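I opened this notebook to record what I looked up in one model, in the order in which I looked. The sequence and the structure come first, and the entries follow.

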Amino acid sequence: MVTKEEYPALLEGLVGELRRGALSLAVLSQLGQPQYGYSLKQQLAAQGMDIPEGTLYPLLRRLEAQGLLESEWRVVDEARPRRYYRISAQGQQALADLTHEWQAISQALNGLLHGDK
């Protein structure tokens, strides 16, 4: 059993585990239109899904390596080049499958948490 002082760290770890599985789905859901990392971070945060940059950029690289995202460098407004990400055809299929799975998990958890059958 954790102490009262240890509980915040325990809870933070549990919340991190809970969120970690949902981040891929959240990112895939927002890349129907190409976006660079910072704009994606802002968009997700505006919708309540704040992702630290240290988590977002490795996730984007991993999703691209898995073939779920595609990227290209663009220069906009004479600013430094930015890497724009968009969902690939395989990513669209993964998004549809993950959305279905998420809805099933959510429905089951709602039943467990609220005692529904």
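What covers the buried residues of α4? I found that the cover includes α1 (7–29) and β3, where contact means heavy atoms within 4.5 Å and buried means under 20% relative accessible area, with exposed over 50% and partly exposed in between (1.4 Å probe, protein chains only).

Before going on I noted the terms of the record: this is a predicted model, in which local features need pLDDT of at least 70 and side-chain atom pairs count only at pLDDT 80 or more, while totals for chains, interfaces and linings use all residues. Residues are numbered from 1 along each chain as its sequence is written, and side-chain values use heavy atoms, with hydrogens and water left out.

Entry on α4. Helices (H or I, at least four residues) and strands (E, at least two) are DSSP runs, numbered from the N terminus. The buried residues I listed in α4 are G91, A94, L95 and G111. I then checked the length of the helix: its 26 residues (89–114) should span 38 Å at 1.5 Å a residue, and the end C-alpha atoms are 37 Å apart, which agrees; the expected span is 1.5 Å times one less than the number of residues. Just after α4, G115 takes a positive phi of about 75°.

Entry on the sheet. I read an open sheet of three strands in the order β1-β3-β2, with antiparallel pairing, two strands being paired if DSSP finds at least two bridges between them. Its edge strands, each pairing on one side only, are β1 (35–36) and β2 (69–74). Six bridges join β2 to β3 (residues 82–87), and W73 stands opposite R83 in β3.

Entry on α3. This helix (residues 53–65) lies across β2 and β3 and runs at about 115° to β2, with axes fitted to C-alpha atoms, for helices over the stretch in contact, and angles taken from 0 to 180 degrees between N-to-C directions. T55 lies in α3 and counts as partly exposed because its relative accessibility is 34%.

Entry on the core. A nonpolar core is a set of buried Ala, Val, Leu, Ile, Met, Phe, Trp, Tyr and Cys residues joined through side-chain atoms within 4.5 Å. The largest one has 19 residues, and L60, L63 and L69 are among those with the most contacts inside it. α1 gives the most to this core, with five residues. Leaving out residues up to four places away in sequence, I found that L69 touches residues including L28, L31, Y85 and I87.
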